[in-house]
Amino acid sequence: MKTIELDDDLYFFIASQTRHIGESASDILRRLLEQPGERAPAPKAVAAAQPLPQPVADAQGLQALLDAGALQQEEKSINRFMLVLSTLYRDNPEGFTQATEIKGRKRVYFSRDPEALRASGSTTKPKQVPDTPFWVITNTNTSRKQNMVAQLMNSMGYDESLTARVCAAV
């Protein structure tokens, strides 16, 4: 396996094209470029079970957050991450429930129960997303946080350009 560097906007575009949890970047690129793959495609039952992105009911809070420059004023990425998550919840609480479907290979990223997050790894450092009933793991690098936001926004039905702008701001 080789490693390549991508500009942030390309990375977030690729992440936004995820069709199912656990789909690798290589699988996404093979599908987008219509290239034959070494791996078998995901079973249809898994793909069919995934909810389709719902249209975003209201992105005004998120847009206002970007326009006001509040994210840029935060020095720490964890603070920007939590601010984005809180705003996503305010914009669309029903759509935010899909966050619990976003998982890593071994870790659960979002839950309504902090103990579920602690049980999925030894150093998850769960924190409650402000003004929501959800908890999120915070012991991840900035790139992983951006990926989590991209996956969540994609599942909530946000468009790719707004997703890329928000992720770049995290």
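Analyst: Leaving aside neighbours within four places in sequence, Thr163 is in contact with Ala150, Met153 and Tyr158, where contact means heavy atoms within 4.5 Å. The structure is a predicted model, in which local features need pLDDT of at least 70 and side-chain atom pairs count only at pLDDT 80 or more, while totals for chains, interfaces and linings use all residues. Residues are numbered from 1 along each chain as its sequence is written, and side-chain values use heavy atoms, with hydrogens and water left out.

Thr163 belongs to helix α10. Helices (H or I, at least four residues) and strands (E, at least two) are DSSP runs, numbered from the N terminus. Because its relative accessibility is 2%, Thr163 counts as buried. Buried means under 20% relative accessible area, exposed means over 50%, and partly exposed lies in between, with a 1.4 Å probe and protein chains only. In α10, which spans residues 160-169, Leu162, Thr163, Ala164, Val166, Cys167 and Ala169 are buried. The cover over these buried residues of α10 includes α1 (8-16), α4 (60-68), α5 (70-73), α6 and α9.

Two of those covering helices, α6 and α9, also pack against each other. Packed helices are described by the angle between their axes and the distance between the axes. Axes are lines fitted to C-alpha atoms, for helices over the stretch in contact, and angles run from 0 to 180 degrees between N-to-C directions. The axes of α6 (residues 77-91) and α9 (residues 142-156) come within 10 Å and cross at roughly 10 degrees. The two helices are therefore roughly parallel; angles under 35 degrees count as roughly parallel, over 145 as roughly antiparallel, 65 to 115 as roughly perpendicular and the rest as oblique. On the α6 side, the contact is made by Ser77, Ile78, Phe81, Val84, Leu85 and Leu88. On the α9 side, Thr142, Lys145, Met148, Val149, Leu152, Met153 and Met156 take part. Together, the residues of this contact of α6 with α9 divide into ten nonpolar, two polar and one charged. In this classification Ala, Val, Leu, Ile, Met, Phe, Trp, Tyr, Cys and Pro count as nonpolar, Asp, Glu, Lys and Arg as charged, and the others, Gly among them, as polar.

Apart from residues up to four places away in sequence, Val149 touches Phe81, Val84, Leu85, Val166, Cys167 and Val170. Val149 is also among the residues that touch the most other members of the largest nonpolar core, together with Phe81, Leu85, Leu88, Phe96, Phe110 and Leu152. This core holds 36 residues; a nonpolar core is a set of buried Ala, Val, Leu, Ile, Met, Phe, Trp, Tyr and Cys residues joined through side-chain atoms within 4.5 Å. At least two residues of the core come from each of α1, α4, α6, β3 (135-137), α9 and α10. Helix α6 gives the most, with seven residues.

Helix α6 has a further partner in α4. These two helices pack at an angle of about 145 degrees, and their axes are 8 Å apart. Here Gln60, Gly61, Leu62 and Leu65 of α4 meet Leu83, Val84, Thr87, Leu88 and Asp91 of α6. By class, the contact of α4 with α6 has five nonpolar, three polar and one charged residues.

Within α4, Leu65 is buried, with a relative accessible area of 9%. Not counting residues up to four places away in sequence, Leu65 touches Ala70, Leu71, Leu83, Val84 and Thr87. Leu65 and Thr87 lie 22 residues apart along the chain, and their C-alpha atoms are separated by 7.9 Å. Asp91, in helix α6, also counts as buried, because its relative accessibility is 8%. Asp91 and Gln60 are 31 residues apart in sequence but 7.1 Å apart in space, C-alpha to C-alpha.

The protein comprises ten helices and three strands. Of its 170 residues, 40% count as buried. Among contacts between residues at least 6 apart in sequence, 58% join residues at least 24 apart.
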